[in-house]
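Subject: A structure to look through

Hi there,

Here is the structure I promised you. Have it open while you read, and my notes on what I found follow below.

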Amino acid sequence: MIKKLMMVVNEDRFFLSHRKTIAQKALEEGIDVTIICKDTGHADEVTALGFPMINLPINPTGTNLMEEMVTLFFLWKLYRKEKPDIVHHVGLKNILWGGLAAKFTRIHHVVNAVCGLGVLFAGERLSFKARAVMKVFAWSSAGMNVSEIFQNKEDMQLFQAHGVVKKSQCDFIKGSGVDLDAFRYVPEPVEGKIRVIFTARMVKEKGVLTLIDAAEKLRSEFYDKVEFLLCGDLSSNPDGIRKEELEARCDNTYIHWVGYRSDVLELLKSSHIMAFPSYYREGVPLSLIEACAVGRPIVTCNSIGCRDVVDDGVNGFLVSPRDCDALAEKLHELFLNKKLREQMGRNGRERAEREFSIQKVVEKHLEIYNRSF
């Protein structure tokens, strides 16, 4: 009998960038796969791959209780009607509401992918809201066949400490993986300005403003030698940066904000350095994994998730969060040392081959799915 899998992600764009290959392999293995996500205009791309897609009513960054209950009720009705064998929830909000819906409808196997805890779990001590969310996670997991996927050890330890899952229920998959054939090693460009690239949503905690401040510190020396490329869409997150502020800080000569781009691979190839000073509680950022694969040195923060990609001084540099001076210092060092950039880039590629292959990620997911069959 064909088994039915429902994969629940926030948006169609995220599915295409982070989970498409996993779903394709599951389909090849004879699993009936349906994608549940918000339609942001890319539904045709999802269905063209052979997946039915159901539009998910969700505000990924919202906190309106009525909107949240709509999401919960929608998933409950869907699971009750379709009776999937496996539901795979990706991201905290989907784990929260999807986990409750799965508990209410007694889904046979629940797979939860914790791909970063974000601002809700920032700080040394958990807020009341974060502790409440953990209690809901623990209740919805109790007595259920749950597999919890973590991208970094800190998140895994936190969930275990709060009784959400037992060690035996945990799987460790370091990031979403990268296609090492598509993202091949490419030497840095030999002509033109040195290009620093940043790829993420325009959210303060992703370090966008820290990077801009660092760039300004270097402007007088490198204005006609370097350009900074900020790639990413605006965000509805409460800490999202307003369009007016971005446009005011970017002169489109030295610092460019180019918005959402679907050609990230080509932009990486045309760049020299990846700067990603995020202090958001990341899983393992795909931006950094892709930069490793292409062979670009990375300057990022010594923070959860980010430090899982960079060995300080080997394939990049780690700096303290929110420290634009340290960020500027390390960028300055890379600007002046082509040999260092090239060596770090080669080291990054070697690390990508060891740790971040999409094939390994896919194989692990199929192993998790097949536990229930």
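Let's start inside. The largest nonpolar core has 63 residues, and Phe-228, Leu-230, Leu-331 and Phe-335 touch the most other members. Helix 7 (residues 208–222) gives the most to this core, with 8 residues. A nonpolar core here is a set of buried Ala, Val, Leu, Ile, Met, Phe, Trp, Tyr and Cys residues joined through side-chain atoms within 4.5 Å. Buried means under 20% relative accessible area, exposed over 50%, and partly exposed in between, with a 1.4 Å probe and protein chains only. Helices (H or I, at least four residues) and strands (E, at least two) are DSSP runs, numbered from the N terminus.

A second, separate core of 37 residues includes Val-8, Val-87, Leu-100 and Phe-159. In general, nonpolar side chains tend to be buried together in soluble globular proteins.

Before you go on, please note that this is a predicted model: local features need pLDDT of at least 70, side-chain atom pairs count only at pLDDT 80 or more, and totals for chains, interfaces and linings use all residues. Residues are numbered from 1 along each chain as its sequence is written, and side-chain values use heavy atoms, with hydrogens and water left out.

Back to Phe-335: leaving out residues up to four places away in sequence, Phe-335 touches Ile-194, Val-196, Leu-218, Phe-222, Val-226, Phe-228, Ile-273 and Arg-341. Touching, or contact, means heavy atoms within 4.5 Å.

An open sheet is formed by 7 strands in the order 3-2-1-4-5-6-7, with parallel pairing. Its edge strands are strand 3 (53–55) and strand 7 (170–172), each of which pairs on one side only. Two strands pair if DSSP finds at least two bridges between them. Strand 4 (residues 86–90) and strand 5 (residues 109–114), for instance, are parallel and share 5 bridges, and in this pair His-89 stands opposite Asn-112.

Met-274 stands opposite Ile-197, while its bridge partner in strand 12 is Ile-298.

Ser-271 is in the loop between helix 9 (264–269) and strand 11. Ser-271 counts as buried because its relative accessibility is 0%. Beyond the residues up to four places away in sequence, Ser-271 touches Glu-188, Pro-189, Arg-195, Ile-197 and Arg-296.

Thr-71 lies in helix 3 (residues 65–82). Is Thr-71 buried or exposed? Thr-71 counts as buried, because its relative accessibility is 2%. A polar atom of the Thr-71 side chain lies 2.6 Å from the backbone oxygen of Pro-57. Apart from neighbours within four places in sequence, Thr-71 is in contact with Leu-56, Pro-57, Ile-58 and Trp-97.

Happy exploring!

Terms used:
Polar contact = N/O pair within 3.5 Å; in protein donor to acceptor, adjacent residues only side chain to side chain.
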